[in-house]
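Trainee: I would like to learn how to read a ligand site. Please take me through one.

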Amino acid sequence: MTLLQDGALTAAFDSASTAYDRLVGANPGYHRQLRRSARRLALPDGGEGLRVLDLGCGTGASTAALLAAAPHAEITAVDASAGMLERAAAKEWPGNVAFVHTPAEELEQAGVSGPFDAVFAAYLVRNLTDPDKVLNGLRGLLRPGGRLAVHEYALSGAARHRLVWTAVCRSVIIPAGSLGPGGADLYRHLWRSVLEFDTAPELAERLTAAGFEPVRTAPLPGWEYGILHTFLARAPR
Ligand SMILES: C[S@@+](CC[C@H](N)C(=O)[O-])C[C@H]1O[C@@H](n2cnc3c(N)ncnc32)[C@H](O)[C@@H]1O
């Protein structure tokens, strides 16, 4: 299958948005893993006085994880899908969160300007048509020394992790997704995009090539071990 991109991907997220929270809620680790990655940003003082960008916030699961890690941060949460963003914005937010509807490629035009102290991008980078361009832009939006956490499905490179990913997608994720309003396309895209995108070492290299330093790759536990990672990096000082 051809991977979904740009407008087609946004349309797929729009269609899936009404069932998205229910679907990810069926994965008991989904929110826990996001909270782990958000904590790994190690934002000081509960985020007091810090500006944080949640890029590709979807229905707000990553935003909630950021708020749990840094309840006092000022969060700008951005997404290209109006449907996903509408669901996020309709929730009650205990902290300082502003939602902005824009693709990651057009942040400046949408009035999203730096400097940010940190950026969190959960399940986004693999979906970008030109990830290098967006990553370079993010480096420019961060203050010197600002932190980036990319929470992403990126396979270790070991054959067993590739097999586990395909088995879980075929037996659980795609069948469950196909029952939702958008059908199975988005979940087939999820499966193939992980197989076709960077392995974890390749994604770390991509971040280094985009000018981030130092890049640390931290695995996440459970069945996603070797499949889901946090990539931690900083903008140069
Ligand atoms: C798998 S969801 C993850 C949402 C959220 N970060 C989470 O952890 O639950 C990916 C989100 O990225 C958004 N997205 C994909 N490509 C994008 C782009 N180019 N610019 C902004 N958002 C994008 C989608 O609309 C979708 O809401």
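Mentor: Start with a polar contact, meaning a pair of N or O atoms within 3.5 Å. Here, an N or O atom in the side chain of Asp 79 is 2.6 Å from an oxygen atom of the ligand. Tyr 30 places a polar side-chain atom 2.6 Å from a ligand oxygen atom. Ala 104 uses a backbone N or O atom, 2.8 Å from a nitrogen atom of the ligand. The protein covers 95% of the 590 Å² of accessible area that the ligand has on its own. Such areas come from the Shrake-Rupley method with a 1.4 Å probe.

Trainee: What kind of model is this, and how are residues numbered?

Mentor: It is a predicted model: local features need pLDDT of at least 70, side-chain atom pairs count only at pLDDT 80 or more, and totals for chains, interfaces and linings use all residues. Residues are numbered from 1 along each chain as its sequence is written, and side-chain values use heavy atoms, with hydrogens and water left out.

Trainee: Which residues come nearest to the ligand?

Mentor: A residue counts as near if one of its heavy atoms lies within 4 Å. Of the 22 residues around the ligand, Tyr 30, Gly 56, Ser 62, Asp 79 and Ala 104 come nearest.

Trainee: Which helix supplies the largest share of the shell?

Mentor: Helices are DSSP runs (H or I, at least four residues), numbered from the N terminus. The largest share, 3 residues, comes from α1. α1 (6-25), α2 (30-40) and α3 (61-69) each supply at least two shell residues.

Trainee: How many disulfides are there?

Mentor: A disulfide is a pair of cysteine sulfur atoms within 2.5 Å. The count here is 0.

Definitions and conventions
Polar contact = N/O pair within 3.5 Å; in protein donor to acceptor, adjacent residues only side chain to side chain.
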